[in-house]
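Let's take a walk through a protein model together. Have a look at it first, and then we'll go through it piece by piece.

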Amino acid sequence: MAAAHDPVSERASILGPTLRFKGELSTAEDLVIHGQVEGTVGPAPKVTIGPEAHVKASVNADVIIVEGQVEGDLKAGVSITVRPKARVRGNLEAPAIHIAEGATFNGGIKMEPRASEAPAVPGHGRDASPVRTGTAN
């Protein structure tokens, strides 16, 4: 039997390719950017930066997927994926980071497990945890 249609879980705001936005953008639903955004994006559950998008902004979301061009820091609670042909200039911070072959990336990477996943080590606080860095696959 097919699952019932749940429009709340399928909501997404889509910023079209001719849209230019400057300022602070936040949403409680997923966000897909195809146009130009400058400022700050997030918090949001999921932000997808489309292949023709140009984003000059810091982005904060649970999940971030980059297919286009971004200039700014990206911070995700779950993961960041930089797809082939994407161009990113800025720092990435998330528990899981994937940079696909063919992508261009210039910046720093900080990977730490989410607070709920961090192992408890006696005598070591969260600040004492080592920083893991990722490499392009």
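Let's begin at P43, which sits in strand β4; strands here are DSSP runs (E, at least two residues), numbered from the N terminus. The peptide bond leading from G42 into P43 is cis, with omega near 10 degrees. Most peptide bonds are trans, and most residues other than glycine have a negative phi. K85 has a phi near 75 degrees, a positive value in a residue that isn't glycine. You'll find K85 in the loop between β7 and β8.

Before going on, a word about what you're looking at. This is a predicted model, so local features need pLDDT of at least 70 and side-chain atom pairs count only at pLDDT 80 or more, while totals for chains, interfaces and linings use all residues. Residues are numbered from 1 along each chain as its sequence is written, and side-chain values use heavy atoms, with hydrogens and water left out.

How confident is the predictor? pLDDT is its confidence in each residue, from 0 to 100. The protein chain averages 85, and 76% of the residues score at least 70. Over residues 121–133, though, the pLDDT is below 50. Where pLDDT is low, the predicted coordinates should not be read in detail.

Now for the inside. The largest nonpolar core has 30 residues, and I33, V47, L74, I80 and L92 touch the most other members. (A nonpolar core is a set of buried Ala, Val, Leu, Ile, Met, Phe, Trp, Tyr and Cys residues joined through side-chain atoms within 4.5 Å.) Strands β3, β4, β5, β7 and β10 each supply at least two residues of this core, and the largest share, 6 residues, comes from β5. Take V47: leaving out residues up to four places away in sequence, V47 touches L31, I33, V41, V59, A61, V63, I64 and I65. Contact here means heavy atoms within 4.5 Å.

T48 is also in strand β4. Is T48 buried or exposed? T48 counts as buried, because its relative accessibility is 15%; buried means under 20% relative accessible area, exposed over 50%, and partly exposed in between (1.4 Å probe, protein chains only). Beyond its neighbours within four places in sequence, T48 is in contact with L31, V32, I33, I65 and E67.

The C-alpha atoms of V82 and A100 are separated by 6.0 Å, although the two are 18 residues apart along the chain. K85, by contrast, counts as exposed at 74%.

Finally, let's look at charges. Side chains of opposite charge can pair when their charged atoms come close. A search of the whole structure finds 2 salt bridges, each being a side-chain nitrogen of Lys or Arg within 4 Å of a carboxyl oxygen of Asp or Glu. One of them joins the side chains of E67 and R83, at 2.9 Å from N to O. E67 lies in the loop between β5 and β6 and R83 in the loop between β7 and β8, so this pair ties together parts that are 16 residues apart in sequence. E67 is partly exposed at 24%, and R83 is partly exposed at 33%. In another salt bridge, E112 meets K110 at 4.0 Å.

How values were computed
Helices (H or I, at least four residues) and strands (E, at least two) are DSSP runs, numbered from the N terminus. pLDDT is the predictor's confidence in each residue, from 0 to 100.
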